[in-house]
Amino acid sequence: MSHVQPQDPDGEKRVADVDRKRVLVIDDDLPLRGMLAAALRQAGFQVLLAGDGDEGHRALTLHRPDVILLDLAMPGANGWDFLQRLKETGHLGTVPIIVVSAHLHVEPKAILQLGATAILPKPFNLPELIDLIEHLSP
């Protein structure tokens, strides 16, 4: 991957992957991760994928995403564990977190108090999700 792509015929530099906003998707549902990755890439985002909270924390540490999409119910380290670990390591509040979950039996206020920036229940509207990511990313 080059950091600066060749100039186009008009003499202007094109935006490289390095300049695109990074979205970290943390969800154990492999087909959903694939669909989200394809849709977000098509919308112009660089996409990082993780299957649980532990993978998500490693990706956060290594790649510094601009926005995180987080499922709550996952085997192993779930979304709650991920949020708790962010709080313990001091990362909480440094990256906007959108909780995307079908398991929102907890009061939305409690999820926001744990550090989530926004909540989007599954099934969700893809254009609405993309708009929310664009609104929350720096």
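A residue is called partly exposed when its relative accessible area lies between the limits for buried, under 20%, and exposed, over 50%. By that scale Asp54, with a relative accessible area of 34%, is partly exposed. The model in which this residue sits is a predicted one, and its confidence deserves attention before the details are read.

The chain has an average pLDDT of 84, and 83% of its residues score at least 70. Residues 1–15 have a pLDDT that stays under 50, and for this stretch the model has 14 contacts beyond four places in sequence. Where pLDDT is low, the predicted coordinates should not be read in detail.

Side chains of opposite charge can pair when their charged atoms come close. Across the whole structure, three salt bridges are found. In one of them, the side chains of Asp27 and Lys122 meet at 2.7 Å, N to O. Asp27 belongs to the loop between strand 1 (22–26) and helix 1 (30–42), while Lys122 belongs to the loop between strand 5 (118–121) and helix 5 (126–136), so the pair ties together parts that are 95 residues apart in sequence. Asp27 counts as buried because its relative accessibility is 3%. Lys122, at 21% relative accessibility, counts as partly exposed; the limit for a buried residue is under 20%.

Lys122 also forms a salt bridge with Asp71, with 3.7 Å between the closest N and O atoms. This pair, too, links distant parts of the chain: Asp71 lies in the loop between strand 3 (67–70) and helix 3, and Lys122 lies in the loop between strand 5 and helix 5, 51 residues apart. Asp71 has a relative accessible area of 4% and is therefore buried. Through shared partners, the salt bridges join Asp27, Asp71 and Lys122 into one network.

Another salt bridge connects Arg85 and Asp54, whose closest N and O atoms are 3.5 Å apart. Arg85 is part of helix 3 (residues 79–89) and Asp54 is part of helix 2 (residues 53–63), so this pair ties together parts that are 31 residues apart in sequence. Arg85 counts as partly exposed, at 35% relative accessibility.

Gly53, Gly56, His57, Ala59 and Leu60 are buried in helix 2. Viewed down the axis of helix 2, its buried residues fall within an arc of 165 degrees, so they line one face of the helix. Strand 1, strand 2 (46–50), strand 3 and helix 3 are among the elements that cover these buried residues. The face of helix 2 turned away from its buried side carries Arg58 and Leu62, which are exposed. Just after helix 2, Arg64 adopts a positive phi of about 45 degrees.

Strand 3 and strand 4 pair in the parallel sense over three bridges, and Ile97 in strand 4 is the bridge partner of Ile68. Strand 4 (residues 97–101) is mostly covered, five of its five residues being buried. Both of its faces are covered, with Ile97, Val99 and Ser101 buried on one side and Ile98 and Val100 buried on the other.

Key
Residues are numbered from 1 along each chain as its sequence is written. This is a predicted model: local features need pLDDT of at least 70, side-chain atom pairs count only at pLDDT 80 or more; totals for chains, interfaces and linings use all residues. Side-chain values use heavy atoms; hydrogens and water are left out. pLDDT is the predictor's confidence in each residue, from 0 to 100. Contact means heavy atoms within 4.5 Å. A salt bridge is a side-chain nitrogen of Lys or Arg within 4 Å of a carboxyl oxygen of Asp or Glu. Helices (H or I, at least four residues) and strands (E, at least two) are DSSP runs, numbered from the N terminus. Buried means under 20% relative accessible area, exposed over 50%, partly exposed in between (1.4 Å probe, protein chains only). The arc is that of the directions from the helix axis to the C-beta atoms. Two strands pair if DSSP finds at least two bridges between them.
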